Amino acid sequence: MPELPEVEITVRGLAQVLEGRRIERVELRRADLRRAFPADLGQRLTGARVTGLGRRAKYGLIHTDRADTLVFHLGMSGTWRIDPDEIGLHDHLLLETDGGHRLSLNDPRRFGSVDLLRTEEMDDWPTFKAIGPEPLGGEITGSWLHDRFAGRTAAVKLLLLDQRIVAGLGNIYVCEALFRARIDPRKAAARVSRAKLAALAAAIPVVLQDAIAAGGSSLRDFVQPDGGLGYFSAQYDVYGREGQPCRACGGCVRRIVQGGRSTFFCGTCQR
DNA sequence: CACGATACCTGTAAGC
DNA sequence: TGCTTACAGGTATCGT
């Protein structure tokens, strides 16, 4: 996915064309993504005015003046497209605004989701209640991680992907944050030193902010709402760099599989 | 409960 | 060229 930085960039792009605008037309081009679209989505959204955009973890939020909030998740392959030239097989939800723009939620793999919540009840939504704090919110410190990791034998990399612990990190930024903190991703979470956890807590928001500043990452099917591409992928230290030299020590970046997913790290720097 | 494996779905690239 | 396989940013669910 779109991990947290890509969702943040998406939300900022959507705000440019949605903020203050009335949604004049809603078109559902299929009944579901991962789950069914809300049955009354079109009815509740049509004619509503967008009062603001937001983000919680990897979920994008579109608030309306009808006290509803559309919550979208981009899954692995979702993107919002603004004024696409053509509407294709994977454009599943279309919104047309009084500003003359047409937005399309495009998601080939359909791992994404769309929900419509009452804004005042949003914090009580089970999905939001179950996930951990925002990594950019300043709550994640070394000692906080130490507490959460106490007694945990799973690899630190796998726990960082658990949205109940830290919400918003995905495979790329976990690999990058662990590199910056010089932590071996295979290490049992409870056995990572306090000093390393402090470095990790510091690295997480920095790597995310760096990615946001670069405009999000560009993997093969991620395009920003304005059609531009992000360039952070060129700055990756380890992700996708198997066999290439470590930028810090010149050693060889390795790829291993953890939890069925690729982990990239430097076996020399990360201990 | 913690943990690992699997399923969901499509597109792309690599290997034969 | 065509077929098969592996892999891709995530998350829910199911065994053990």
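Which residue does V257 stand opposite in β10?

Mentor: V257 stands opposite S262 of β10. Keep in mind that this is a predicted model. The two strands involved are β9, residues 253-258, and β10, residues 261-266. They run antiparallel, and six bridges join them. Together β9 and β10 form a hairpin. Two residues lie between the strands. One residue in the turn is G259, and its phi is positive, about 55°.

Now follow β10 to a helix. The buried residues of α6 pack against β10, and also against α1 (4-18), α5 (156-160) and α7 (194-213). Helix α6 covers residues 171-180, and nine of its 10 residues are buried, so the rest of the structure largely encloses it. The buried set is N171, I172, Y173, V174, C175, E176, A177, L178 and F179. Both N171 and E176 are on that list. Just after α6 comes R182, with a positive phi of about 60°.

That brings up backbone angles. Most residues other than glycine have a negative phi. Against that background, look at two more residues. A57 has a positive phi, near 55°, and is not a glycine. R110 is also not a glycine, and its phi is positive, near 60°. Where do they sit? A57 lies in the loop between β2 (50-56) and β3 (59-64). R110 lies in the loop between β7 and β8 (113-118). Their surroundings can be read from accessibility. A57 has a relative accessible area of 1%, so it is buried. R110 is at 31%, so it counts as partly exposed.

H63 belongs to strand β3. Its relative accessibility is 18%, and the cut-off for buried is under 20%, so H63 counts as buried. Set aside the neighbours within four places in sequence. H63 then contacts R49, V50, T51, G52, L53 and G54, among others. The list also includes D68, T69, T119 and M122.

Next comes β7, on one side of the R110 loop. S104 is in this strand, which covers residues 102-106. S104 has 0% relative accessibility, so it is buried. Beyond residues up to four places away in sequence, S104 touches T79, W80, R81 and P84, among others. D91, L93 and L94 are also on its list.

Finally, step back to the whole of chain A. It has seven helices and 10 strands. Of its 271 residues, 54% count as buried. The C-alpha trace spans about 55 × 35 × 30 Å along its principal axes. A compact globule of 271 residues would have a radius of gyration near 18 Å, and the 20 Å of chain A agrees with that. Consider contacts with a separation of 6 or more. Residues 24 or more positions apart account for 64% of them.

Definitions and conventions. Residues numbered from 1 in each chain as written. Chains lettered and ligands numbered in written order. Predicted model: local features only at pLDDT ≥ 70, side-chain atom pairs only at ≥ 80, totals over all residues. Heavy atoms only, no water. Helix = DSSP H or I, 4+ residues; strand = E, 2+ residues; numbered from the N terminus. Rg over C-alpha atoms; globule rule 2.2 N^0.38 Å. Buried < 20%, exposed > 50% of the residue type's maximum accessible area, 1.4 Å probe, protein only. Contact = heavy atoms within 4.5 Å. Pairing = 2+ DSSP bridges.
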